[in-house]
Amino acid sequence: MIKNFKEIIEQLKSQIPIHELISEYIPIKKAGRGYVCLCPFHDDHKPSLQINSQKGIFKCFSCGTGGDLITFYALINKKKWSDSVPELAVKYGIKVEYSDKGASPVETEIKNKLYELNRVVLDFYKRQLYITEGKTALDYLTNERKLNNKIITTYELGYAPNSWNALYNYLTKEKNCHEELLIASGLFVIKENNQGYYDRFRNRLIIPIFNENNNVVGFGGRALNNEDVKYINSPETLIFNKGSNLYGLNFAKNEIKIKDYVLLTEGYLDVITAHQNNLLNTVATLGTAFTSQQARLLTKYTESKKIMLCLDSDFAGKKAVESIFRQIQEISKGVKLDVRVVTDLPGKDLDESINLEGVESILKKINDSQKLVNFVFDRITSKYLNAKKEQNDIEKQTIMDEIVDIVISMADPIERNENIKYIAHKTNLDEELINLKIKEKVKSNKKRHFTKESMGKEPEEDELKMHSYERYKHAEIDLLILYISSFPASNEVKNEINAINFIDEKHKLIKDFLDNLPTEEFQFQGPHEVLNKLILEFNEYKHIMNLISEIAWRIDTEADLFSAPTKKDKIIREAKESINWWVTNKHSIKDLTTKLKESKNTSEESDILVQIYELVKNKKIIDT
Ligand SMILES: [Zn+2]
């Protein structure tokens, strides 16, 4: 049994872009925000398979096949979904941990041993800072970084000696540590000839990374020599997961509660300098993309859910803001986060800025911080205006698409309206024009999803279906999307959906599954997490996976359709109508369709079609 099955899935989904995996099998092409390619699951002649890398899903709009990257791997290699998980883990270097039943006490024991080991290692590194060899490191901290002794001691900074085996020898000879534990710690690297190990951190300033409970979970090492890679970190271990940790949180959590906001920055030394200057509510990501787990960690300590981004002022820092923005858009469907960007820092990062102008000026910049969404729109609209100057129509169009996509992804209609006003103001475009663009986009997204979704059917036939007797199928899918996108659903929505008897068996299955999900787990994660649970549950059933991928796709592209309160009512009302209608008329419809199949000539056929249309047209009268 694989012990870290769920963790592997999470890591695969967060770390491996789905288009990368797909492109190993079929050539892909960039299209809008995603990619397209020929579908390998049916005889495809135009690119029907669309890839949404941000959501990590693919969907063929011709044969209906869809799912996440694990689904793709499983289908193309004709394997079971659950068998594909460890295979992909091996492929991408993610550790697979196997366990026997009842192995968890052992796991706890190993974890405790690793905490203990890291403590011993940290004490070793700390001592090295104060011997002759560590002088360069100590000088660097005090002279270049302007850190005082108190802060160096409190944050337990250390030094890894310039040796291949100083730590290894210390631990094996003086501390009698077992080799297995040393390997599990991630502190050692296996030699190329497989003959033994060497120290991972050499001639580096050592910054210990603590978890919320002050255990040492890993280490960051900063080069003291310009030729070396600037930063290296401990690899992921049993006790160290970068995506679910934030540097400095153990020191910052009380102050975050008091100030009711978090200052989020990029580097260890940014945090330490900030803390030395009384910006004690500062934490840093550990060189990874901002994750929902980190957002959850942060919001746990604030009422306001306010996060101030204080990222490097270079291009990479600005790109990081945009990626955090996309991540926040996803997270914020479950919880409202108030994210702001601290701009115009005098230095290249927070650390340098504090040393240049002092903390007062930073506090002022924090006060003047800009809403994240405005920051992102400012960047995009300035790109738009620059393109405008050069009369570059195609580029303008692409940028406009980008803007429209962001607006569509906003769940709150008020927020959306405010932002349309903001963009109009920034670009000098008419608000109505932007609204029109949004409508067009939503319509074309919707059309694309509705017309070609049934397997191997001609679009015309689907059009007919959609407008007629099988409308309940679409209505039920709409209800499921409404259910998932409003998760954890209010009792009102839940009760209303519960009062409806679903007809389609697949839809019923999904609805039952949603009814039984413990809602308290979803406070912060929102629809994305619900979809992951669905995939985890139904991954071996292709027809249900296709349905889930359609839902995932539409939650992404039509978020606004399902968020407005009036739309909710409309979706529920229309669903009730079409389901009732089907229940009342299914026998007549079934009779007529059987007759239609058996009809001998076109005039007989059109006669029956007319009867079907009569039934459909009278829909309102039959409904009660
Ligand atoms: Zn296909």
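In this predicted model, Glu-87 and Lys-79 meet through their side chains in a salt bridge, with N and O 3.1 Å apart. Glu-87 is partly exposed, at 28% relative accessibility. Lys-79 is partly exposed too, at 37%.

The model holds 24 salt bridges. Three of them are listed here.

| Pair | N to O distance |
|---|---|
| Glu-87 and Lys-79 | 3.1 Å |
| Glu-505 and Lys-508 | 3.3 Å |
| Lys-3 and Glu-97 | 3.9 Å |

Lys-3 sits in the segment before helix H1, and Glu-97 in the loop between helices H4 and H5, so their bridge ties together parts 94 residues apart in sequence. Lys-3 is partly exposed, with a relative accessible area of 31%. Glu-97 is buried, at 17%.

Glu-505 and Lys-508 share helix H22, three residues apart, or about one turn. Glu-505 is exposed at 55% relative accessibility, while Lys-508 is partly exposed at 31%.

Lys-59, in strand E4, is buried but has no salt bridge. The nearest side chain of opposite charge is Glu-550, 4.9 Å away; a salt bridge needs the atoms within 4 Å. Lys-59 does make a side-chain polar contact of 3.4 Å with Ser-549. Its other contacts include Gln-50, Asn-546 and Trp-553.

Helix H25 covers residues 565-598. Its 34 residues should span 50 Å at 1.5 Å a residue, and its end C-alpha atoms are 46 Å apart, which agrees. H25 bends by about 65° at Asn-585. Asn-585 is buried, and so are other H25 residues, including Trp-581 and Trp-582.

Terms used:
Residues are numbered from 1 along each chain as its sequence is written. This is a predicted model: local features need pLDDT of at least 70, side-chain atom pairs count only at pLDDT 80 or more; totals for chains, interfaces and linings use all residues. Side-chain values use heavy atoms; hydrogens and water are left out. Helices (H or I, at least four residues) and strands (E, at least two) are DSSP runs, numbered from the N terminus. The expected span of a helix is 1.5 Å times one less than its number of residues. The bend at a residue is the angle between axes fitted to the seven residues ending there and the seven starting there. Buried means under 20% relative accessible area, exposed over 50%, partly exposed in between (1.4 Å probe, protein chains only). Lys and Arg count as positive and Asp and Glu as negative; His and the chain ends are not counted. A polar contact is a pair of N or O atoms within 3.5 Å; within protein, one must be able to donate a hydrogen and the other to accept it, and residues adjacent in sequence count only if both atoms are side-chain atoms. Contact means heavy atoms within 4.5 Å. Lists of a residue's contacts leave out its neighbours within four places in sequence.
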